[in-house]
Amino acid sequence: MSHYRLVCSGGLAFLAAVLFPLSQSFADTDPAEHPVVEIATGDWQPYVDTSLPDFGPMGHIIKLAFARAGYDVEFNVYPWTRNAQFVATGEQDAMMPYYCSDARARKYLCSLPIVDGEQVFFYRRGDHFDWDSVADLQGYTIGATLGYFYGQPFERAEKAGEITVKRIAEDAGNVRLLAHGRIDLYPQDRAVGYGMIRAVLPKDQWGSITHDPHPLHRKSLHLLFSRKTGRGDELMAQFNTQLQAMRESGELDKLLEPIYEDQRAVHRAHSAAVHDDEASGVAE
């Protein structure tokens with residue numbers, strides 16, 4: 001073999017050794033791989049359920065909207081205060097589900113509304129409760145949760161001592177206190193409240209609690225995007241476009257239906273109990 005051939009053969013072998021791993025690396029990369037949107041969240045059933053593959057109804061809607069826009073979604077579960085911190089600093093692209101207050105709108109980018117939240121008072125069925133203004137809440141013991149906001153009129157009245165509010169750390173504790181008669185009222189998002197009744201109380205107690213239809217306040221829930229990532233505006237625009245299309249087609253309403261299944265289940269259980277009591281009375 002000539003010196004020329006030896007040099008060429010050695011050079012080709014060297015290039016093959018260098019280029020083969022590179023070509024293998026490129027082969028292993030999926031050219032169709034989508035960019036990932038990092039979303040911070042936490043359990044707030046029935047809107048968000050971290051035990052489910054799509055993280056519940058809101059998670060499913062958000063993943064579907066982004067998939068249609070060409071993105072994958074990764075949900076990351078943190079304490080709620082960490083969610084806000086990570087999105088504010090740009091460590092996460094967005095967080096959900098959140099109300100979009102004026103203060104939050106200055107700090108984050110708020111998507112179009114995904115679903116309307118309605119905060120109502122839960123009380124024991126059989127108790128008389130009727131209210132029009134916060135002044136009507138005097139004389140009741142109200143269970144509330146630390147760190148939650150219940151609207152300016154409620155917060156002002158609580159701070160002034162005009163209403164009796166006992167705050168504890170966990171929502172579930174308030175449901176139990178209400179069922180056992182330790183508090184009279186419990187303000188909570190309607191869908192969340194019924195989800196907690198179903199999760200916390202035994203089935204034969206589900207019908208013991210109901211809600212007053214007059215809302216404490218109504219606020220929509222949003223996906224809040226970071227202003228620090230450099231792509232928040234683009235991500236929000238893509239999401240809003242797909243969400244609006246889902247709303248106009250009627251698809252969004254269907255995807256939101258599971259949120260209200262807990263309320264329907266509680267009402268079915270109550271109706272069945274009433275029917276059994278009536279049947280028992282007839283039999284006697």
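Which element gives the most to the lining of the largest pocket? That was what I wanted to know when I opened this one, and I kept in mind throughout that the model is predicted.

**Entry 1: the largest pocket**

I looked up the lining by element and found β3 at the top, with four residues. β3 runs over residues 94-99. I then listed the elements that give two or more residues, and besides β3 they are α3 (80-89), α4 (102-107) and β10 (217-225). In all, I count 21 lining residues for the largest pocket. Nearest its centre I find Tyr98, Tyr99, Arg104, Gly147 and Tyr148. For the volume I noted about 710 Å³. By class, the lining splits into 13 nonpolar, six polar and two charged residues.

**Entry 2: the second largest pocket**

Next I turned to the second largest pocket, and its volume came out at about 190 Å³. I got 14 lining residues here, and the closest to the centre are Asp43, Gln45, Asp171, Val192 and Met196. Which element has the largest share of this lining? I found that α7 does, with five residues. Both α6 (171-179) and α7 (190-200) supply at least two residues. I sorted this lining by class too, and wrote down eight nonpolar, three polar and three charged residues.

**Entry 3: the disulfide**

How many disulfides does the structure hold? I found one, formed by Cys100 and Cys110 with their sulfur atoms 1.9 Å apart. I checked where each partner sits: Cys100 is in the loop between β3 and α4, and Cys110 is in strand β4 (residues 109-110), so the pair ties together parts that are 10 residues apart in sequence. I also looked up the handedness: the torsion about the S-S bond is about 85°, so this disulfide is right-handed. Is Cys100 buried or partly exposed? Its relative accessibility is 27%, so I put Cys100 down as partly exposed.

**Entry 4: the whole protein**

Last, I stepped back to the overall numbers. I count 10 helices and 10 strands in the protein. Of its 284 residues, 42% count as buried. I took the contacts between residues at least 6 apart in sequence, and 73% of them join residues at least 24 apart. For the surface, I noted that the protein exposes about 15,400 Å², with carbon and sulfur atoms supplying 54% of it.

**Back to my opening question**

My answer stands as β3, with its four residues in the lining of the largest pocket.

How values were computed:
Residues are numbered from 1 along each chain as its sequence is written. This is a predicted model: local features need pLDDT of at least 70, side-chain atom pairs count only at pLDDT 80 or more; totals for chains, interfaces and linings use all residues. Side-chain values use heavy atoms; hydrogens and water are left out. On a 1 Å grid over the protein atoms alone, a cavity is a set of points where a 1.4 Å probe fits but cannot get out, and a pocket is an open set with protein on both sides within 12 Å along at least five of seven lines; lining residues have an atom within 4 Å of a point. Grid points are joined across faces, edges and corners, and a volume is the space filled by probe spheres set on the points. Ala, Val, Leu, Ile, Met, Phe, Trp, Tyr, Cys and Pro count as nonpolar, Asp, Glu, Lys and Arg as charged, and the others, Gly among them, as polar. Buried means under 20% relative accessible area, exposed over 50%, partly exposed in between (1.4 Å probe, protein chains only). Contact means heavy atoms within 4.5 Å. Accessible areas come from the Shrake-Rupley method with a 1.4 Å probe; for residues, only the protein chains shown count as cover. A disulfide is a pair of cysteine sulfur atoms within 2.5 Å.
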